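The sequence and structure come before the details.

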Amino acid sequence: MTNQLPIVQVRGLHKRFGTVVALDGVSLDLLPGEVHGFIGPNGAGKTTAMRIMACVESPDAGDVLLDGTSVLRHPEGGRQRIGFMPDYLDSYPGVLVWEYLDFYSRIAGFPPERRVERGRDVVDFTGLRGHLAMPVEGLSKGWKQRLSLARVLLSDPDVLILDEPAAGLDPRARIELREMVTELARHGKAIFISSHILGELAEMCTAVSIIQGGKLVTSGSMETLRNRVDNGRRVAVRLVDDVPAERRRLALLLAGLPGVTGAAEEADGATFTYDGDDSFRADVLVGLVKEGFRVGDFHKSSSSLEDAFMAVTGQPEREG
């Protein structure tokens, strides 16, 4: 994937709403087959950037290129190849699910035989077949999200922009959404997805961009982001005996060791970062055993997406 050319190039987006600066020079790349997470605090500019990328809104300055062609100057081509799923589904009183999908397949301009074929594929992929005769308004949040995704997929876009698709979903629906997103990326679609649920993004994303105050703080692969936090030198220590006093003692001991740059108590032990090589890690393990710790696991670990977010923005992410 690293040798691929970007399918989407966002370049220098600026956007103001009155005196409020929503975007301040945002630039990033999106690759084919990539699930690219877009995270930031509420009001950071995520939705504004996504709406511009989807040709729903215009920037004050900057551009969005799709295979090198500006979608802002040629929005028709952009709308054909970029599918946008907002964080809500409009109200459709009295409309059945199959009527909703049929309406949008007609808008996509498919001939009748192609409409039937594409509709069948999308319904099967999203699992909506048993809900086609239901009113849209009667669907649960999870099924409304599936319907919204189905509508986006009808035109078979190359790029999917999903704004908070997991918001309000129960755990099972989140897992099923993640599986669908991963499968779409496996078939080569570029997916740009925002969420406040960082654990969900960490499970599916191969790249991430973090935005704060309208400015892009960082953008790149998940590995690059995590290495920015701990330089690839992070170790998780799990104790056989999960005793709070032992966890605290472990974290304090690690924090005081020369060469350890940081340590934190965890649910079943502790983690630490260090400035050294493999022999340093081996010496630490030997020292822990000598101090009487019953070490059940000792392995290299990566910072979580939450850790990375905290490190580059200086604040916790909030859900909702």
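Helices (H or I, at least four residues) and strands (E, at least two) are DSSP runs, numbered from the N terminus. The model is predicted: local features need pLDDT of at least 70, side-chain atom pairs count only at pLDDT 80 or more, and totals for chains, interfaces and linings use all residues. Residues are numbered from 1 along each chain as its sequence is written, and side-chain values use heavy atoms, with hydrogens and water left out.

A cavity is a set of points, on a 1 Å grid over the protein atoms alone, where a 1.4 Å probe fits but cannot get out; lining residues have an atom within 4 Å of a point. Grid points are joined across faces, edges and corners, and a volume is the space filled by probe spheres set on the points. The count is two cavities of 30 Å³ or more.

| Cavity | Volume | Element giving the most lining residues |
|---|---|---|
| Largest | about 50 Å³ | H6, four residues |

The lining of the largest cavity includes Gln145, Arg146, Glu176 and Met180. H5 and helix H6 (171-186) each give two or more residues to this lining. For the second largest cavity, H6, strand S8 (190-194) and helix H7 (198-204) each supply at least two lining residues.

Arg146 lies in helix H5 (residues 141-153).

Conventions:
1 Å grid on protein atoms, 1.4 Å probe; cavity = no way out; pocket = protein on both sides within 12 Å on 5 of 7 lines; lining within 4 Å.
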